[in-house]
Every structure is written in structure tokens, then in C-alpha cells.
Amino acid sequence: KELLKNVYWQSNTLLYIKRANKYFPIIEPILKQHNIPDDFKYLAVIESGLEDVVSPSGAAGFWQLLKGTAREYEIEVNSSIDERYNLEKSTHAACFYLQEAYEKFGSWTMAAASYNMGKNGARRVICEQNTDNYYNLYVNSETRRYVFRIIAVKEILENPNKYGFIYREQDLYYMPEYKIIEVDSTIADLYVFCNEHHINYKLLKELNPWIRKSVLPDASRKKYQIKIPLYSSKLLFD
């Protein structure tokens, strides 16, 4: 079922392939740093399609973190700053969650399933049904599909030609070159900040979607890293 859905919804899966080329190089080394299996990058694909989407329950970003979960892993979430949209920081948070789940349930498969149903939900069904094998558990329909969706997307993205996805390298999306500016004080007007760095506000937001308003408050003198594109004329669309 999951292979059929993803192979024949061609436009959607082609976008997965194009975005993966842009974002996997950021996600992969973070997974490796935390000793999380590389295949978990496909969890982000099925969670969000590698887009900064918001679910009906309020989960946000590539890894679809709820506010409470994000704050548990020291991800800042408020009206001006929402680091669930910071790919690097949210990937680290997802890794912490997955490592804890693996230690709790003893398998990466159950760690993945718990990402969908929550650690408490996973623990409850394991206790009720007296098995910690995902494939033997009777769970809700979404969690029942979840691991198979990851496997199907992995299979297709790693073997695109086998499933009829033909494209050129120039058709893929790429991360634009950028530099990082570290700030540790309030930026009262990001429009002025952009002018000073010879970019426009749109380009700033494309690379820093975690900045939610036109001001960056920082009363606590926390250090933030802001990405500035090296070539302001280069399109960042995907």
C-alpha cells in the first residue's frame, strides 16, 4: 500500500527527491553525531515532506515537534522565535527523543513507532498486549502504517529509476551558499539588518524560518546564528 501510494503520487514523491538533495546533507551528519541510524532521515520525509508545515495538533517543522516536546529538549518556542523551524536544532532534538525511545523500548523500530504515537502510548500498548515487537502489536491505523511508510520512502528514494522517477541533476534542489553571523543582542529591526547585509527580508526568512517576526528579541544575550546568503540574487525557491 505504501509503495503504491508513493510511487503513483508522482508529483509528491518527486518533490521528496528534490528536497532530499537539499536537506539530507544537513540532517545526515547530525544523525551520525548522535549514533542514530541514517534511515531515520526518512522519518522526517514522512512527517513533513521536508517542509516547514504545521499539523492540526500544532506540531511544527521538518520533525513535527509539539511545543512541549520541543521545550523539553531546550528548543525555544515563543511568538518571536520558534526553533522548531531551525533544521539543525530540531534535528538534534529529534535525535535526543529517538535515543531515549531506543533505550526505553530496545529497538529502533519501536523508537520510530513511538515517534508517531508517543512514548507513553507505546509503553501502554506494549504493557496491554505483552509484546514489544512493533510487527505484532495492534495499534491505531496511523502508527500501523508508520514504519512501512518510512521503509517505502527509503526504497523509492534510494532506487528512483526502478520506480520510474527520471530526472536530471539540475532538476534537484540545492542549498545556497551562505555565511553565518552570530548575534547576542536584540535586533530591533530586521528590515534594517537586511539592508546592512545587502539582502532582502525574503532571503533572510528563506534561510532562517525560525525567526517569526521582524524583530529578534534577546534580553538574555543568548547567542543566535543567522544564515546570510552569499549571493543575494540567487533564488532560494524549492
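V183 has Y224 in strand β2 as its bridge partner. Six bridges join strand β1 (residues 178-183) to β2, and the two run antiparallel. Strands pair if DSSP finds at least two bridges between them. Strand β2 (residues 224-229) is mostly covered, with five of its six residues buried. Buried means under 20% relative accessible area, with a 1.4 Å probe and protein chains only.

This is a predicted model, where local features need pLDDT of at least 70, side-chain atom pairs count only at pLDDT 80 or more, and totals for chains, interfaces and linings use all residues. Residues are numbered from 1 along each chain as its sequence is written, and side-chain values use heavy atoms, leaving out hydrogens and water.

Now the helices. Two packed helices are described by the angle between their axes and the distance between the axes. Helices are DSSP runs (H or I) of at least four residues, and strands (E) of at least two, numbered from the N terminus. Axes are lines fitted to C-alpha atoms, for helices over the stretch in contact, with angles from 0 to 180 degrees between N-to-C directions.

| Helix pair | Axes come within | Crossing angle |
|---|---|---|
| α6 (residues 108-117) and α8 (residues 141-158) | 9 Å | roughly 130° |
| α6 and α7 (residues 119-129) | 7 Å | roughly 115° |

The contact of α6 with α7 (heavy atoms within 4.5 Å) involves M110, S114 and M117 of α6 and K119, G121, A122, V125 and I126 of α7.

T109, A112, A113, Y115, N116 and M117 in α6 meet E142, T143, Y146, V147 and I150 in α8.

Definitions and conventions: Buried < 20%, exposed > 50% of the residue type's maximum accessible area, 1.4 Å probe, protein only.
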